[in-house]
Amino acid sequence: FLDLTGDDLVDEVRTAGDELPCEVMFVKAPGYDGDVHAGYASMVVEVARKLDWKTPPSQPKAVSILGYLFDRYEGDHVGNLSQLRSLLKSLGLELGESLFSGAPWAELMRAPKAATLLSFPYVRKAEKRLKKITKRDLVEVDLPMGIAGTSRWLGAVGQAAGVDSGRISAVIQHRETQTREAIGLAQQRLQGQRVALFADLPLLGGLCGIARDLGLVPVLLGIRGHSLGGADSLRDLVSRDNIDLDGVPILEDPSIHGVREAVTDLLLQEGVDGIIGSATDFNGITTLPQDAFPARRGPFKLEAGFPCKFHHVIRPSPFLGYAGVLTWADRVLNAPRLWDSGR
């Protein structure tokens with residue numbers, strides 16, 4: 001809407017940059033044609049332009065990330081970054097700087113020192129621009145979510161960084177065994193429960209992996225945003241972990257009203273046991289009248305993704321990696337209900 005004022009915003013930003021004692025940059029956003037993820041990618045690109053990519057990398061074991069979706073200073077992201085650091089350490093690698101991670105500007109400036117650069121899905125559409133800026137080969141990876149997704153991530157990163165394949169396989173086998181043993185009781189309690197999942201495409205793909213790990217059965221999927229892809233992209237993403245979504249309805253960037261209608265249909269049929277989505281999705285769901293549905297106990301509800309209104313995290317609680325599988329198991333087992341008559 002600022003464009004509608006007719007002001008020369010680029011010149012205003014340039015002037016501010018001359019006067020203020022900090023970096024000031026103009027981020028060109030796609031306006032009504034874009035979404036939050038396209039804007040985030042644009043921000044990563046503009047910050048990358050400010051970094052020194054001319055100097056050869058000086059940290060052969062370091063791995064930096066382009067496109068980590070950092071949306072708040074809370075324990076979920078603290079936990080995620082700690083989990084990524086732990087996963088890399090198990091391969092003899094170390095976590096470099098991430099765009100973004102909440103780190104100060106001076107620390108972000110060190111990102112080019114890492115020998116390996118990962119491209120997370122949130123900047124996939126900006127990858128050509130980032131390659132041109134960094135003049136480096138970027139390693140495309142999906143989010144390390146769920147057991148299979150995390151193992152696949154470790155394999156891709158380890159191979160790109162030149163880690164011995166035997167070490168990679170040993171680490172994966174050990175961590176998978178640990179995780180499966182830890183979630184055994186949760187699987188017994190959750191097996192067969194039907195869930196509706198709403199999230200941005202990379203996170204939604206990861207949630208499908210988490211659902212399989214915990215024994216949950218997706219009955220409705222909603223892709224939040226549109227710039228990262230639609231239903232076909234989601235099916236392609238989960239197929240990498242041998243997950244089949246045939247017959248599962250997929251809503252592409254549904255409105256709040258669309259989410260409400262789809263969930264209403266499931267509740268009338270008593271066809272859903274749990275709902276996972278952002279605060280935006282729950283805006284249309286939490287106002288549904290309990291007495292309009294046959295079930296005396298509503299489905300469990302979990303806020304996840306961006307934005308969250310009620311879910312806040314103080315201690316490190318990752319939702320990525322093998323440790324993230326345990327966090328999701330905890331959250332689902334202890335999730336509140338959309339309603340509960342108490343009977």
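This is a predicted model: local features need pLDDT of at least 70, side-chain atom pairs count only at pLDDT 80 or more; totals for chains, interfaces and linings use all residues.

Reader: What makes D241 and R152 a salt bridge?

Author: The rule asks for a side-chain nitrogen of Lys or Arg within 4 Å of a carboxyl oxygen of Asp or Glu. The side chains of R152 and D241 meet at 2.8 Å, N to O. D241 sits in the loop between α10 and β7, while R152 belongs to helix α6 (residues 146-160), so the pair ties together parts that are 89 residues apart in sequence.

Reader: What else are D241 and R152 linked with?

Author: They belong to a network of salt bridges that links D142, R152, D236, R240 and D241. Within it, R240 and D236 meet at 2.9 Å, N to O. R240 is partly exposed at 39% relative accessibility, and D236 is partly exposed too, with a relative accessible area of 42%.

Reader: How many salt bridges are there by this rule?

Author: The count comes to 18 salt bridges. Another one to look at joins E127 and R124, whose closest N and O atoms are 3.3 Å apart. Here E127 is buried, with a relative accessible area of 6%, whereas R124 is partly exposed at 24%.

Reader: Let's turn to the rings. How many aromatic pairs does a search of the whole structure find?

Author: The search finds 4 aromatic pairs. One of them is formed by Y40 and F100, with 5.8 Å centre to centre and 85° between the planes.

Reader: Why is the pair of Y68 and F120 called tilted?

Author: Y68 and F120 are 6.4 Å apart, centre to centre, with 55° between the planes. Stacked needs under 30 degrees and edge-to-face over 60, so an angle of 55° leaves tilted as the label. Y68 is in the loop between β1 and α3, F120 in the loop between β3 (114-119) and α5 (127-134), and the two are 52 residues apart. Y68 has a relative accessible area of 3% and F120 is at 0%, so F120 counts as buried, as does Y68.

Reader: On to the strands. How do you know that β5 and β6 pair?

Author: Pairing takes at least two bridges. Strand β5 (residues 194-200) and β6 are joined by 7 bridges, so they pair, and they run parallel. R194 stands opposite V217 in β6. The chain crosses from β5 through helix α9 (residues 201-214) to β6 in a right-handed β-α-β crossover.

Reader: What makes β6 mostly covered?

Author: In strand β6 (residues 217-224), 6 of the 8 residues are buried. β6 is also joined to strand β7 (residues 250-252) by 3 bridges, in parallel, with G222 opposite L251 in β7. β6, helix α10 (residues 231-239) and β7 make a right-handed β-α-β unit.

Reader: Finally, which residues have the most contacts inside the largest nonpolar core?

Author: They are L99, L118, W153, L214, L221 and L234, in a core of 84 residues. Helix α9 gives the most to this core, with 8 residues. Apart from it lies another core, of 16 residues, among them V259, A262, V272 and F293.

Terms used:
Residues are numbered from 1 along each chain as its sequence is written. Side-chain values use heavy atoms; hydrogens and water are left out. Rings of Phe, Tyr and Trp (its six-membered ring) pair if their centres lie within 6.5 Å; planes under 30 degrees apart count as stacked, over 60 as edge-to-face and the rest as tilted. Helices (H or I, at least four residues) and strands (E, at least two) are DSSP runs, numbered from the N terminus. Buried means under 20% relative accessible area, exposed over 50%, partly exposed in between (1.4 Å probe, protein chains only). A crossover is right-handed if, with the strands pointing away from the viewer, the path from the first strand over the helix to the second runs clockwise. A nonpolar core is a set of buried Ala, Val, Leu, Ile, Met, Phe, Trp, Tyr and Cys residues joined through side-chain atoms within 4.5 Å.
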